[in-house]
Amino acid sequence: LGRAGQLGKAHELVIGMPLEPNSTLWMSLLGACRIHGDAEQGAHAAELVFELNPKEAAPFILLSNIYAAAGNWQGAANVRKVMRSRGIKKKPGQSCIEVKKSVHKFVVGDTSHPQK
């Protein structure tokens, strides 16, 4: 439902489940809110993830990106400020490639690879 843009129905389904929704479910809804640009629903889903998994960076990043995409730069800055105040940091992006049976790992911002 979330991918189809039916965020209201997806939210109703999650809260109507007989089991308590976990952070993975709320993160799925948050991701759908980012895709479809629904900042209000996204903020609600993010708050629930914050309660269930307060040290996870992903919901903060997604919510910040939702606000930024909507042009709400103050909202995005506030989310990042909360992250800093709670000591939550995003893990840097990384990728790996295999060249001649040797695996090379690259991390954003790392300049220590011998073949710069």
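At roughly what angle do the axes of helix α4 (residues 58-69) and helix α5 (residues 73-85) cross? In this predicted model, the crossing is at roughly 165 degrees, and the two axes come within 7 Å. Since angles over 145 degrees count as roughly antiparallel, α4 is therefore roughly antiparallel to α5. The crossing of this pair is left-handed. On the α4 side, the contact is made by Phe60, Ile61, Leu63, Ser64, Asn65, Tyr67 and Ala68. The α5 side contributes Trp73, Gly75, Ala76, Val79, Arg80, Val82 and Met83. Sorted by class, the contact of α4 with α5 has ten nonpolar residues, three polar and one charged.

Helix α4 also packs against α3. The axes of α3 and α4 come within 10 Å and cross at roughly 165 degrees, which means that α3 is roughly antiparallel to α4. Here too the crossing is left-handed. From α3, the residues Ala39, Gly42, Ala43, Ala46, Val49 and Phe50 meet Pro59, Phe60, Leu63, Ile66 and Tyr67 of α4. The contact of α3 with α4 consists of ten nonpolar residues and one polar residue, with no charged ones.

The crossing of α2 and α3 is left-handed. Ser23, Trp26, Met27, Leu29, Leu30 and Cys33 of α2 make the contact with Gln41, Gly42, Ala45, Ala46, Leu48, Val49 and Leu52 of α3. By class, these residues divide into ten nonpolar and three polar, and none is charged.

The remaining topic is the largest pocket. Its volume is about 190 Å³. Which helices each supply at least two residues of its lining? They are α1 (7-15) and α2 (23-36), and α2 gives the largest share, four residues. The lining as a whole is made up of Leu1, Gly2, Arg3, Ala10, Leu13, Val14, Met17, Leu25, Ser28, Leu29 and Ala32. Eight of these residues are nonpolar, two are polar and one is charged. Leu29 belongs to the pocket lining and also to the contact that α2 makes with α3.

Terms used
Residues are numbered from 1 along each chain as its sequence is written. This is a predicted model: local features need pLDDT of at least 70, side-chain atom pairs count only at pLDDT 80 or more; totals for chains, interfaces and linings use all residues. Side-chain values use heavy atoms; hydrogens and water are left out. On a 1 Å grid over the protein atoms alone, a cavity is a set of points where a 1.4 Å probe fits but cannot get out, and a pocket is an open set with protein on both sides within 12 Å along at least five of seven lines; lining residues have an atom within 4 Å of a point. Grid points are joined across faces, edges and corners, and a volume is the space filled by probe spheres set on the points. Ala, Val, Leu, Ile, Met, Phe, Trp, Tyr, Cys and Pro count as nonpolar, Asp, Glu, Lys and Arg as charged, and the others, Gly among them, as polar. Axes are lines fitted to C-alpha atoms, for helices over the stretch in contact, and angles run from 0 to 180 degrees between N-to-C directions. Angles under 35 degrees count as roughly parallel, over 145 as roughly antiparallel, 65 to 115 as roughly perpendicular and the rest as oblique. A crossing is left-handed if the near helix is turned anticlockwise from the far one by less than a right angle, and right-handed if clockwise. Contact means heavy atoms within 4.5 Å.
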